Amino acid sequence: MQAQNSVTHLFLSTGVPGLDEVLAGGLTRDRLYLVEGAPGTGKTTLALQFLNEGMRHGEPVLYITLAETAVELLSVAQSHGWTMDGIHIEEILPSEDVLDPEQQYTIFHPSEIELGTTIQRIAAAIERHQPRRVVLDSLSELQLLAESPLRYRRQVLALKQYLGSRSCTTIFLDDRTALSTDLQVRSVAHAVLTLELADQAYGAERRRLRVVKYRGIAFRGGAHDYKIIRGGLQVFPRLEAAASRVVSERRQLSSGLPALDQLIGGGLEEGMSTLISGPPGTGKSTLAAQFVHAATQRGEPCAMFLFEEARNNMLNRAAGVGMRLADAIDRNLLTIQQIDPAELAPGQFSHAVMQALERGVRVVVIDSLNGYLNAVPDERFLTIYLHELLTYLGQRGVVSIVVGVQQGMLGSGMTTAIDASYIADNVIMLRYFEAEGEVRQAISVFKKRGSAHERTIRRFRICKDGIHVGPVLNDFHGILTGVPTYNGTLAVAGDLPAG
């Protein structure tokens, strides 16, 4: 299969961004393809993109419609900013005579007359225009005219042989509105693409594309998210980390804070993922921003994806503690993308991350894991999505930082929406604790795969001049419970002043 995939001159581009990648190169020339899906999934739009791509390469193209009129097709094209100039449209629609009772057939069944006439008109249109790309819309009309599965299959086989003999690459559309759910054409077609539309309880509907079969081609299987925007379909190929392994040397990236680097064993290694976990308000996002700030100060590009906090709020908050991330944006060293979980499919988010990698980013921040959970309708698959994404980033030597919000404020009973600690290479934990009539914060490293790290618990504070990591809290016992026991003198030597 791989050998055939490499013969690029045998392929035609579909004209749909991302779809050729799913199909491992495009559509094999002079074959018959089936695109099936319920009404509203974008079959007509995909077909017009396919024909427009052929027209762009100077190929004669033909759209044969058995249901929609040329005016309706033109309105679809105009909604996407396309022109139908150069696309031949053949309308094979029922005549208005069918509304006249005197014109009804009395001896022969209507299907016996109409099916034969329809096939003849299809053949005549092909002979007249000599197209290289053909779209037939839709098979449901032929199936209803044929009535029996045997007659339907024979007509489709005859059309397949006829079109193949005339060097036509053909797409049959099937809207699944026929009375029977016959799958005869699937066995006849060289490849079958299924478009699915799933309603969500909240937010935009989710659209997915599957390649059911593709003879002789090692296509990318599974479900691939896609969107219909002005300009047509855009497919977001499913992320496959196993197909993108890159081996490279790993170096440590400093946080810019010597005390923090000492705690985490020198810095974060390239290709490693880090989970920053803790209850709300402990400074998780600010700590993630510190790693970004340090990287941009070294001239390394970074990308941040915000699911919860507004972009301007994050920039203002960072500036309030001495991190002017806006300057990094002006120098094209930082991109910050605010994500709407209700409108974004998981595949679209993965595509946005891959685009960031193409720009050469070295640090990626996902803030937060809870927002990412809301972006994935199938909650049970979140760990798989996250594992694939973090593995993909790691194989390219990117430092990935994921912020995880825990429910609760104090104590050991705090929980998270999903346990991602086993997926992340490193886990940094932030905690509240009560001491001397004040709610304080502590930081510790619970896990680190890249190097040795301190197993101590240190004081953590965020001040106007930035983040401060204080000394080891030796005089306290039970800090993780939130209400520790004090074992030392009243003042913690060397600690930061209160206030």
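Visitor: Which helix does histidine 129 lie in?

Guide: This is a predicted model. Histidine 129 belongs to helix H5, which covers residues 110–129.

Visitor: Why is histidine 129 called partly exposed?

Guide: Its relative accessible area is 22%. Buried needs under 20% and exposed needs over 50%. Histidine 129 has 22%, so it counts as partly exposed.

Visitor: What is histidine 129 in contact with, leaving aside its neighbours within four places in sequence?

Guide: Pro60, Leu62, His88 and Glu90. Contact here requires heavy atoms within 4.5 Å. For proline 60, 69 residues apart from histidine 129 along the chain, the C-alpha separation is 7.3 Å.

Visitor: What makes helix H6 mostly covered?

Guide: Six of the eight residues in H6 (residues 139–146) are buried. They are Leu139, Ser140, Leu142, Gln143, Leu145 and Ala146. Just after H6, glutamate 147 has a positive phi of about 70 degrees.

Visitor: How does the reach of helix H7 compare with what is expected?

Guide: H7 (residues 149–165) has 17 residues. From first C-alpha to last, H7 reaches 24 Å, close to the 24 Å expected at 1.5 Å a residue.

Visitor: Which residues of H7 are buried, and why are they said to share a side?

Guide: Tyr152, Val156, Leu159, Tyr162 and Leu163 are buried. They cover an arc of only 130 degrees around the axis, so they sit on the same side of H7. In an α-helix, residues three or four places apart point the same way, because there are 3.6 residues a turn.

Visitor: What does the face of H7 turned away from its buried side carry?

Guide: That face carries the exposed residues Leu150, Arg154 and Gln161.

Technical notes. Residues are numbered from 1 along each chain as its sequence is written. This is a predicted model: local features need pLDDT of at least 70, side-chain atom pairs count only at pLDDT 80 or more; totals for chains, interfaces and linings use all residues. Side-chain values use heavy atoms; hydrogens and water are left out. Helices (H or I, at least four residues) and strands (E, at least two) are DSSP runs, numbered from the N terminus. Buried means under 20% relative accessible area, exposed over 50%, partly exposed in between (1.4 Å probe, protein chains only). The expected span of a helix is 1.5 Å times one less than its number of residues. The arc is that of the directions from the helix axis to the C-beta atoms.
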